[in-house]
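Open your viewer and get ready to select residues.

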Amino acid sequence: MEDEQFRQLHGIVLKSPMLSALLQHWDEIALPDSWLAAGAIAQTVWNHKFGFPPAHGINDIDIVYFDASDLSEDAEAEHAARVRRAFSDFPVWIDVKNEARVHLWYEAKFGHSINPYQSTADAIATFPTAATAVGLCPHNGNLDHCAPFGLSDLLGGVVRQNKKQISREIYEQKVSRWVSVWPNLSVVGWFEGE
């Protein structure tokens, strides 16, 4: 079942002109432990599921990497600028984040501190929903995947909170935007399943 779900995800993502172009030129990313992650993957799957064009509603593409040897904001910004230049023909913003440095700014932005991540996969496991806690990375002609909560929610069009770090307010903001763009999503309320 799980292998079939990953094959299904890979097939959907590779049908997206934007995501497949990014993955085909992944060597230009050139960052350690780097993954295409989160929203653009989920939104591509939702577009496929609900019959929208592949890029419908996608505002940005998240590329996450892990480099504990350089936690500077400047290095992250330089990498982000370089990657955006390499994919300057893309119609959306490309967001590049070093997950090794998130703990340095997280409290100022979200009001509470977090422990440093140990890897990109460690960070993906804290992404705000089960459907967006997913990453893909080309490796030896295949796509490696990171999906700590599996793919059932993602492929089923279900939005369920991952409460490891997200607040109710942020979850509800995300859900509000998503259901305005993908109205057929099945949303699990903040207090459901507790």
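First, the ground rules. This is a predicted model, where local features need pLDDT of at least 70, side-chain atom pairs count only at pLDDT 80 or more, and totals for chains, interfaces and linings use all residues. Residues are numbered from 1 along each chain as its sequence is written, and side-chain values use heavy atoms, with hydrogens and water left out.

A salt bridge is a side-chain nitrogen of Lys or Arg within 4 Å of a carboxyl oxygen of Asp or Glu. How many salt bridges does a search of the whole structure find? The search finds five. Here are some of them.

**Stop one.** Select E4 and R7. Their side chains form a salt bridge, 3.4 Å from N to O. Both sit in helix α1 (residues 2-14), three residues apart, about one turn of the helix. Helices are DSSP runs (H or I, at least four residues), numbered from the N terminus. Buried means under 20% relative accessible area, exposed over 50%, and partly exposed in between (1.4 Å probe, protein chains only). E4 is partly exposed at 43%. R7 is exposed at 53%.

**Stop two.** Now select D95 and K97. Their salt bridge spans 3.1 Å, N to O. Is D95 buried or exposed? D95 is buried, at 17%. K97 is partly exposed, at 27%.

**Stop three.** Move to R168 and E172. Their side chains meet in a salt bridge at 2.8 Å, N to O. Both belong to helix α8 (residues 168-181), four residues apart, about one turn of the helix. R168 is partly exposed at 38%. E172 is partly exposed, at 38%.

Key:
Helix = DSSP H or I, 4+ residues; strand = E, 2+ residues; numbered from the N terminus.
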